[in-house]
Each structure stands twice: as structure tokens, then as C-alpha cells.
Amino acid sequence: MITTKSLSFGYTSAQQVLNNITLSMERGHIHGLLGCNGIGKTTLLKLICGIMRPRSGEVRIDGIDPMMRRKETLSELIIIPEEFDLPNISLERYAAVTAPFYPRFDRGAMLGYCEELGVNPRVRLHSLSMGQRKKAYIAFALACNVSMLLLDEPTNGLDIPSKSVFRRLLAGYVDESRMVVISTHQVADVEQLLDNIIILNEQGVMLNATTSEICERLKFGRTVEGDKVIYSERTIQGDMAVSVNESGEDSSLSIELLFNATVTNPHAIAAIFNQK
Amino acid sequence: MQFSDDKPIWRQIYELIAMRILSGEWREQERIVSVREMAQEVGVNPNTVMRSYERLEADGIIFNRRGIGFYVSLGAVAHIRDIERSKFISEELPKLVERLELLGLKIEVHE
């Protein structure tokens, strides 16, 4: 489990990017980490990995501070940053050098993922396009079989067919012993993958709920008379709204609508999810 | 797989499985793919797929043999047909009738 308590961070003393973040993320889920630009999603992922030190508050990975850089923490955690530098060697070579840090690394699985994503593991990484490099790194990270996989904007740079391959690979990756955290603005790319939604704003964690909890309490789609509307948008299909789910029936979750509702009307959303 | 946004994804996977049974692709009393395999096939969170399976089980369409997997129930085809028929009559037919009236079309039923 990943937990943070009253976590705050700023790159300069004047500027605060994360403010009072208290949350927990459990195994068995694919968590979606959402928030407007500059809110500190990437910073939060870096703090979870222990790459940076919080200004105040704490991060715990299965109860251990990641800043201690313990073997049992680091061998269970991989982050794929949005942008990264890899050495100019082939993926196969990179894996041979790096995999010993990850005891469950599976070379055969990595080659399989490479094939599914259409990337050659035998050519030098710098000869690949950015998108190809991302695919290579995804193949490596999945093959490490870590229990906590953190992905920062993983679909940026992926071509259209690779996005669906990516979804299938991740759907097959998560189980009770593993979690995936995806920070993204491209909600449409990962909507069907996420089963827990975390929304951050300047005040902290606005929402941390499973998709089934969300659909139990909120209704998405066209409104009927008497609906308690929290947020609505005019679209070509008519007014699409987030309202209080009073019928008890499930509607089709729209993360985009949920996000806009949370950003524009945080108090209403907080009130609905804080009453347990 | 492409999903429509007019109903929950778990419901669409429920219907996909029901259609595979109805079409005979998956036969009664035979084992169906695991939740994990289905999740991978459609690229959907396995917890969401689990919900579809649980609902199919609650509706008597599939059953769980602990530790082995899910099987198509005996009589599932007739059962799905019943469910689909009543859904057609209560949900789709009124919309169809409304549309026919809107377009000034009439249907004649011959016995």
C-alpha cells in the first residue's frame, strides 16, 4: 500500500505545488491520478518513489519511507516518467544490466510485450523515435513484475493501435498483489482501465473513490426532471450532467464530466463522498 | 474494444458474454474464459469484468466452480432469450413505435 500523510512540496520557498495531500492507494486497483496542469501529479509520483524529499508530511510504501531507498521498496516500484533518458544501448542490453534489481523480471515476457507493441528490442534505443522508446520502456517495466507500477502520461506519444495494446497489457497486469497508478490528462485513453479515481486540487485530495462507489452516488448523462444536478455541459447529444444518483441504477461513468464537476463544484462532490 | 457511452461498461461486457452464449459460441455447461482473460481481451479493468461475471452468476446465466472457473448454466440460452425478449418489449419496442409514429409509418401484424 502507498500512503501519504499531510504531504506538501514546493520547488521554491514561494511556490507550493502539493498541499496537504493525505491519501492511500491499495493493491488490486488501477488508480487514476487526475488534476489540472501544475497541480503536482508528477511531483507526487516522484515523492512516492523517494526521488525527492517532501517539504512536510510523509510518504510510506508498505509502511517504509521510500527516502530510505531500501531494497525491498525499490525492487517493488517502477516509474515510467513522461519523458526519460535511456542509454544508447539496445533494450535487451538495458534489461540485462538493469533487471537484476527486479527479482521477478521475466525476459521472455519482455520480448512478448515488445512484439505486441511492435518495437524491436535489439536496436539501439537512441535510434528509436520517442514513441518507440516509450513502448520499449513499457515492455521492460511490465516484465519486471513489480507490485507497484507508476505511469506518468503513459499514452503520450503512443500511436493509435498501441493505445489499445497498452490497455490490454495493463488489464492483464493488475491483480490482487499489484497496483498501477496512472497520472494522466488523456482520460479517454485509460477510462475503461481505471477502477479508482483520485482528483487533486490546490486544497489537497478532492476525491479518492472507486468507480463503483462513484456510480453508486452519482449519475452521468442526460437529466430528467427532478434530478439534483451538480454540473452540466451542453453537448451535441443534449445537456450531459453529473447529478445525484437517487434511482440506485448504474449509469455510464464519464471521467471527463466527473473531473469538470469536481473542479467547478468541489464542495458538492466532497459532501456526497464524505457522507459514508 | 470500443464501448458506447450510453450504458456502464460492466453491462456491455455482460451483454457481450450473453450474446456469445446465445449465438452458441460458448455452450451450456462448458467453461468460459476467466475474468483475467476477458479483461485482457477487451482491455478493461478486471474488477469491472468481475462485476459482469457476478451479475451473470446472480442472473443464473453462468455458475462458478470454486477454483476451476465459470461455466455456462444449463438452460442459459432459453433464459437469456427470455431476458432479451422482455427487455425488447419494455425498452426497445416503445422507442421503435415512437419512431414509427414520428415518421408516419404503420406496421400491420398478420396472425
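User: Let's start with strand pairing. Which residue does Gly32(A) stand opposite in strand 7 of chain A?

Analyst: This is a predicted model, and in it Gly32(A) stands opposite Ile182(A) in strand 7 of chain A. Look along the two strands from there: strand 3 (residues 30-34) of chain A is joined to strand 7 by four bridges, and the two run parallel.

User: How many bridges link strand 6 of chain A with strand 7 of chain A?

Analyst: Five, again in the parallel sense, with strand 6 covering residues 148-152. To get from strand 6 to strand 7, the chain goes through helix 6 (residues 160-173) of chain A, making a right-handed β-α-β crossover.

User: Is strand 7 of chain A buried or exposed, and how do I read its two faces?

Analyst: In a regular strand, side chains alternate between the two faces of the sheet. Here, five of the five residues in strand 7 (179-183) of chain A are buried.

User: What about the open sheet of three strands: what's its order?

Analyst: It goes 2-1-4 in chain A, with antiparallel pairing. Strand 2 (18-25) and strand 4 (56-61) of chain A are the edges; each has a single partner strand, so one side of each lacks a neighbour in the sheet. From one strand to the next, the twist averages 10°.

User: And where does helix 1 of chain A lie?

Analyst: Helix 1 (residues 41-49) lies across strands 1, 2 and 4 of chain A, at about 120° to strand 1.

Note on methods:
Residues are numbered from 1 along each chain as its sequence is written. Chains are lettered from A and ligands numbered from 1 in the order in which they are written. This is a predicted model: local features need pLDDT of at least 70, side-chain atom pairs count only at pLDDT 80 or more; totals for chains, interfaces and linings use all residues. A residue is buried if 20 or more other C-beta atoms lie within 10 Å of its own, exposed if 12 or fewer, and partly exposed in between; C-beta atoms are placed from the backbone. Two strands pair if DSSP finds at least two bridges between them. A crossover is right-handed if, with the strands pointing away from the viewer, the path from the first strand over the helix to the second runs clockwise. Axes are lines fitted to C-alpha atoms, for helices over the stretch in contact, and angles run from 0 to 180 degrees between N-to-C directions. Two residues are in contact if their C-beta atoms, placed from the backbone, lie within 7 Å.
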